[in-house]
Amino acid sequence: MIELDAVGKTYPGAAAPAVTSLDLVVTTGEIVALVGPSGCGKTTTLKMINRLIEPSRGTIRVAGRDIGSVPGPELRRGIGYVIQHTGLFPHRTIAENIATVPRMLGWERGTIARRIGELVELMGLDPAIGTRYPAELSGGQRQRVGVARALAADPPVLLMDEPFGAVDPILRSRLQDELLALQRRLHKTIVLVTHDIDEAIKVADRVAILNIGGVLEQYAPPGELLRAPANAFVEDFLGADRGIKRLSLIRIAEVPLEAGPVVAPGAGAAEVAEAMRRYGVDWFGVVSGSDLLGWAWGSEAPSGAGGVALRPFEVRLQGADTLRDALDTAITGRTLVAPVFDGERYLGMLTVDAISRQVIG
Amino acid sequence: MVAAKVGDMIEFLGDLAAWFASSWDGDTGYLMRIWEHVTVSGAALLAAVAVALPLGAWFGHTGRGGMLVTSMVNVGRALPSFGIVALALPITIRLADALPVIDSGLGFLPTFVALFALAAPPVFINTHAGIRGVDPDTVEAARGMGIDGRRVLTTIELPMAAAVIMYGIRVTAVQIVATAPLGALVAYGGLGRFIIDGFAVRDSVQIAAGAILVALLAVATDIGFSRLERRVVPKGITPTRKGGNIAGDVMVDPARAQWSRAVKPIHREE
C-alpha cells in the first residue's frame, strides 16, 4: 500500500507549487493511473514516491514505512521503475541490464542467471536476447526489457512514467494488454503516469485525475469516472466521447443478447415478414442450429427464406470483446447489428439500440 | 632553369637522407630528441588528464560550475601556446629558486607547464560535454533503480561518454606533440631543437628533418590514440554516438554547446 498524506512539492525559484497538497491511497495489488494536463504534477508525484524528487511537505508511506526515513538509493532498489524511453544502459548487455538491481543487492550469480531466464520468458522474449545490446533491439523489445529490469528483484511496487508513450499505437495497445496479463499473474502495486486518458481507462483499476498544481479532481474506477464525472474539469478532460469510452469498459459477455430477426433455412414468407416486423428492420438472418448462415434483404425473399442467396456476416465478435467493438461492427455493417459467437457457435446479436441502452441505463 | 631547380631539389633530398642516416645517435641525435619530445608530451598529457578529467566529470555530473566551464572554453581557445611558454619561464625560474628540489627553471619544466596549460582545457571541456551529453533518460533510470550518485558517474556516465572523452584526449595529444617544439625556445631538447637551431644557423636540411619528425610523431600519436579509443569505448555504444560528430561539434564550438545547456533548468537531487 502507498499512502500520500498532504504531500506537496515546490521547486526552488518556482512561483507556484508543482503539487500543493495531495492525499492519495493506492491499495496493494491495484493499478492506479495518474492523469492530467501537463503541469498537473503527475510525474512529480510519481517521482516523490521513490524520492527521485524530495517532497517539500507531507509524508509518503510505502508498506507502512515513512520513506523519508530510508536513504534514497536503498528505497529505490526496492521499487521497480519504468520510464518512457526505457533508459536501458547502452553499454551493457540485456542480461547485465536486467541484473542491475539483483547485483546491487548482492544476489549470487546462479540466482541472478536463473532470474534473468525467468524474466526473459515472462516477458515473452527470445532467450538468446541476453547477450545482445539495447541498440540491437526493436522498440517493443526494449520496452519489455525495461519492464523485466524493473521486475528483476521482484519489488512489490512498480512505478511507471509514461511507459508506453514513445511507441506506435498498435504496439502500445499490445504492451498494455501484456501489462494487464502480467498483472493478473504478479499482483503488483502499480502507479502509472500517463497523459493518455484512454490508456488510463484501459489499464487502471482506479484513475486519479489531477489538475494544475496537483489538485486531485477525482479518484475513482474508470467506469465510475465515465458514468459520473465529479465536475466540469473531469468531464472536459474525459472528452466528448465519454459514452464511447464507457463502452470500451463493458465486455459483451456481461450484457444480454437478442435473438435478432432470424429464421430457419426453410422459413416461409409470413415467418420472414413477422421476424422483420418484430425488429422493425427490412432484412433477416438465417440460423441453422447454432450456425448463423448469413442475411438477405426482405425484398429478395418474396416467397420465404428458401433458396435465397445469403450474404455472410464479416465480423464474428466474442464474449471477451467490448461493447465498443460491438458498436463499431454494428455501424459499419449494412444490418446495423453485431452478431456474437462463442467460437463458431452463434449466441445472439446486439443492436445499436441495445448497446446505447447500456450507456444510458 | 627548370632543370636546375629539379637538380636542387634532388640534391636537397639527398642531403636530407644523409642527415637521417647520420644524425640519429648520441645525446643530440634524433632518437634522443624523439625521446625527449615524447617524455615532456606524455608527462603533460598525463598531468592534464589526471587533473582535468576528474574535474570535468564532476562538474558534468553535478551540472554545476556553468561559469567555470564557459571561461575554460574561452581561455582554452584564446591561449597562444607561444605566449604560455614565455609566461611559464619566469614562473618556473622563480619556482626553481624557491624550491631546491627543482633542478632548473629552464628546459623541461616551463615546457611541461606550457603544454599542460594547453592540454587541460580541451580535456576538461570534452569530458564535461561528454558527461552532459549522456542521455538523461539513462541517468534517470539508473538513479531510479537505486544506483547512487558516484556510481552513476563511474558505471554509467563515464562509459557512455568514453567516446567523446577519448576523442578530446586524442586531439589534445596530437596538439601537444605539435606544440612541444616550442620547448626548444626555453632551452629544452625535443624535436624543436632541430627547427630552432636550424633557423639559427640557416640549415634548411635540419629544419626540414625536424619538421618531418614532428609531423610523423603527430601522425603516430593520432593512430595510437584512435586504437586506444576503440579499445576504451564500450561495446554497445552505437556508431552514431561513437563517430566523430558529437565530439567534432564539441571541439569546433564548445562555447555554444555549453551555453545551450547552461540555460536549461536542470532539476537534480543532490
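**Sheet, domains and chain contact**

Analyst: In this predicted model, chain A has an open sheet of six strands with mixed pairing, in the order S6-S7-S8-S3-S9-S10.

User: Which strands of chain A stand at the edges of the sheet?

Analyst: Strands of a sheet pair through backbone hydrogen bonds, either parallel or antiparallel. An edge strand here has a single partner strand, so one side of it is left without a neighbour in the sheet. The two strands of chain A in that position are S6 and S10 (215-220).

User: In S8(A), what is the bridge partner of A:Leu158?

Analyst: Strand S7 (residues 157-161) and strand S8 (residues 189-193) of chain A run parallel and are joined by five bridges. For A:Leu158, the partner in S8(A) is A:Ile190.

User: At about what angle to S6(A) does helix H6 of chain A run?

Analyst: Helix H6 (residues 139-151) of chain A lies across S6 and S7 of chain A. Its direction relative to S6(A) is about 165°.

User: How far apart do the C-alpha centres of domain 1 and domain 2 of chain A lie?

Analyst: The domain assignment of chain A gives domain 1 (2-247) and domain 2 (252-360). Four residues of domain 1 are in contact with six residues of domain 2. The C-alpha centres of these two domains of chain A are separated by 43 Å.

User: Which element gives the largest share of the side of chain A that touches chain B?

Analyst: Contact between the chains involves 24 residues of chain A and 20 residues of chain B. On the chain A side, helix H2 (72-77), strand S6 (79-83) and helix H4 (100-104) each give two or more residues. The largest share, five residues, comes from H2(A).

Conventions. Residues numbered from 1 in each chain as written. Chains lettered and ligands numbered in written order. Predicted model: local features only at pLDDT ≥ 70, side-chain atom pairs only at ≥ 80, totals over all residues. Domains from an automatic or database assignment. Contact = placed C-beta atoms within 7 Å. Helix = DSSP H or I, 4+ residues; strand = E, 2+ residues; numbered from the N terminus. Pairing = 2+ DSSP bridges. Axes fitted to C-alpha atoms, helices over the stretch in contact; angles between N-to-C directions.
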